[in-house]
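I opened the notebook to go through side-chain pairings one at a time.

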Amino acid sequence: MDVAQKVAVVTGGGAGIGAALSRAMAEAGSRVVIADLNAGKAEAVADEINASHDGCAVAEGGDVADEGVLQRIVDRAESEFGPVDIFFANAGTTAGLGLDTPDDLWDIALEVNVMAHVRAARLLVPRWIERGGGYFVSTASAAGLLTQIGSATYSVSKHAAVGFAEWLSVTYGDQGVKVSCLCPMGVETELLRSGFETDQPGASVAASAVTGAGAVLQPADVAVQVLAAVEQEKFLILPHPEVLDFYRNKGSDYDRWISGMRRYQRHLLSDS
């Protein structure tokens, strides 16, 4: 898919990867609805884009795990710009950590990291099939292919996000629905720096597991890779190419991989 002159929705677009994707889509000549739980941040990114590309961006605030909010966002896109061509399911949360995580935080993790994707697809896929095509880009994580030391909620919800993206591609790919799944390790975002870095037990280990595993990339660099992958219609987007080696090692000898992850966890705990 050529990303130029398209209509896109970016959730979690008020900062980090989402803001970078919004800017990159506008630079490509597309029009963007920027959605974020923090309406002020979404509006700030839209204003910044419109200062250079007048009329290319609008902002919507709200919880994108809410089906009514998603409907409003899609309706806004259609009324302002036309039918949605690309949906970036990018909003995410690091809510919860270990076994003592209460159910309400598990609910938040699963709602934002998984069910928001399901509800968006439920809304858009029938329209895309009728129109002959559309593109769904899921922001998951390398944790969805590997694991997240220190956070059960993040590991489980990101695995589920990858699984849903896979299923969506297999099920609807022959009907014109394209799917990509973004699985980075560390990216310089508020989610990384403030999400895991709290005073909760285990949070510092979770953050160190990400920052110590490889380079921490800039969101703008990740956005460039995402748009290039969309144009090539690649399913798996790995800004950290070493993740593919880790994933292959995991699949070739699961027990050895788990032993290695335990070793890495012991190292992180000894340094904390």
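Which side chain meets glutamate 60 in a salt bridge? I looked it up in the model, which is a predicted one. The partner is arginine 76, with N to O at 2.6 Å.

**Entry: glutamate 60 and arginine 76**

I placed both residues next. Glutamate 60 sits in strand β3, residues 57-61, and arginine 76 in helix α3, residues 67-80, so the bridge ties together parts that are 16 residues apart in sequence. I then checked burial. Glutamate 60 has a relative accessibility of 10% and counts as buried, because the cut-off for buried is under 20%. Arginine 76 comes out partly exposed, at 24%. I also asked what else joins this pair. Glu60 and Arg76 belong to a network of salt bridges that also takes in Arg72 and Glu80.

**Entry: other salt bridges**

How many salt bridges does the structure hold? I noted nine. I followed two more of them.

Glutamate 78 forms one with arginine 127, and their closest N and O atoms are 2.8 Å apart. This pair links distant parts of the chain, with glutamate 78 in helix α3 and arginine 127 in helix α4, residues 103-131, at a separation of 49 residues. I read both ends as partly exposed: glutamate 78 has 34% relative accessibility, and arginine 127 has 26%.

Arginine 119 meets glutamate 111 in another salt bridge, at 2.7 Å from N to O. Is arginine 119 buried or exposed? I found it buried, with a relative accessible area of 15%. Glutamate 111 counts as partly exposed at 29%.

**Entry: aromatic rings**

I searched the whole structure for ring pairs and got four. In one of them, tryptophan 167 and tyrosine 172 have ring centres 5.9 Å apart. Their planes stand at 80 degrees, so I logged the pair as edge-to-face. Tryptophan 167 is partly exposed, with a relative accessible area of 45%. Tyrosine 172 is partly exposed too, at 22%. I traced the ring pairs onward and found that they link Phe164, Trp167 and Tyr172 into a cluster.

What is the arrangement of the rings of tyrosine 254 and tryptophan 257? The centres lie 6.1 Å apart and the planes are at 85 degrees, so this pair is edge-to-face. Both residues lie in helix α10, residues 254-271. They are three residues apart, about one turn of the helix. Tyrosine 254 counts as partly exposed at 47% relative accessibility, whereas tryptophan 257 is buried at 13%.

Lysine 250 lies over it, at 4.8 Å from the ring centre.

**Entry: serine 155**

Where is serine 155 found? I located it in helix α5, residues 152-172.

I looked for its side-chain partner. A polar contact of 3.2 Å joins the side chains of serine 155 and threonine 147. I then listed contacts, leaving out residues up to four places away in sequence. Serine 155 touches Ala143, Thr147 and Gln148.

Methods
Residues numbered from 1 in each chain as written. Predicted model: local features only at pLDDT ≥ 70, side-chain atom pairs only at ≥ 80, totals over all residues. Heavy atoms only, no water. Helix = DSSP H or I, 4+ residues; strand = E, 2+ residues; numbered from the N terminus. Polar contact = N/O pair within 3.5 Å; in protein donor to acceptor, adjacent residues only side chain to side chain. Contact = heavy atoms within 4.5 Å. Phe/Tyr/Trp six-rings, centres within 6.5 Å; stacked < 30°, edge-to-face > 60°. Buried < 20%, exposed > 50% of the residue type's maximum accessible area, 1.4 Å probe, protein only. Lys NZ or Arg CZ within 6 Å of the ring centre and 35° of its normal. Salt bridge = Lys/Arg side-chain N within 4 Å of Asp/Glu carboxyl O.
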